[in-house]
Amino acid sequence: MNNRLKVLRAERDWSQSDLADRLAVSRQSVNAIETGKYDPSLPLAFRIAELFALPIEDIFTSPTKG
Amino acid sequence: MRMNLAQKRYVRRVFVSMASYLLTLSIALHYVGNGHVTGPLAYLLALLPGLSVIGVFWAVGRLLVEEQDEFQRMLLVRQSLVATAFALSIATVWGFLEAVGLVPHVDAYFIAILWFAGLGVGSLVNWLTLGTTGGCR
């Protein structure tokens, strides 16, 4: 699933490790989500959205639209 | 490499299980293998190494339950499924070949060894398909 995670992270000057620490996940998880190799669960997607203070659909592109 | 709490527990559990395995195996081989002990005690001593290996399976199961990082958990699930398919496939094919006398007999505990080797294959599959073997943060 395409997403804007890398852009949002770069805007805040966070490394993958910084974001991983804030989400309490591994750096590999952040990398896998950013590269579209892994789609996060709904609870994790909500945690990401809340961290960036954005609606989920502003971060993740719906597979039917992307 | 940083390990999370679940991974630290896993390492500790595997270490204890393997230490128990080495100890109980040497005891079983010495006392039962050399015929120093017979009867029910011999059965008990001979069971202990196998129970220790079960401890490793339990540790893997607990890691699956306790791992809070969902991506790491998915990697471990995939790794375990590949290991199971690897071990069962070889054991099944070998069993039929053995039944018709084409290959020598192999002790059943080798299935566990195959499963542990299969974890390595599963790790390779994760690396080839997802770019990471997981494990640590």
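Predicted model: local features only at pLDDT ≥ 70, side-chain atom pairs only at ≥ 80, totals over all residues.
Local features require pLDDT of at least 70 and side-chain atom pairs count only at pLDDT 80 or more, while totals for chains, interfaces and linings use all residues. Residues are numbered from 1 along each chain as its sequence is written, and chains are lettered from A in the order in which they are written.

Chain B holds 4 helices and 0 strands, where helices (H or I, at least four residues) and strands (E, at least two) are DSSP runs numbered from the N terminus. The order of elements is α-α-α-α. The C-alpha atoms fill a box of roughly 50 × 40 × 20 Å along the principal axes. Of the 137 residues, 31% are buried (under 20% relative accessible area, 1.4 Å probe, protein chains only). Among contacts (heavy atoms within 4.5 Å) with a separation of 6 or more, 73% join residues 24 or more positions apart.

Helix α4(B) spans residues 110-130. Its 21 residues reach 29 Å from first C-alpha to last, close to the expected 30 Å (1.5 Å times one less than the number of residues). Buried positions in α4(B) include B:Ala112, B:Trp115, B:Gly118, B:Leu119 and B:Gly122. B:Ser123, B:Asn126 and B:Leu130 are also buried. Seen down the axis, the buried residues of α4(B) fall within an arc of 155 degrees, so they line one face of the helix; the arc is that of the directions from the helix axis to the C-beta atoms. The cover over these residues includes α2 (40-66) and α3 (70-99) of chain B. Just after α4(B), B:Gly131 adopts a positive phi of about 80 degrees.

Conventions
Heavy atoms only, no water. Buried < 20%, exposed > 50% of the residue type's maximum accessible area, 1.4 Å probe, protein only.
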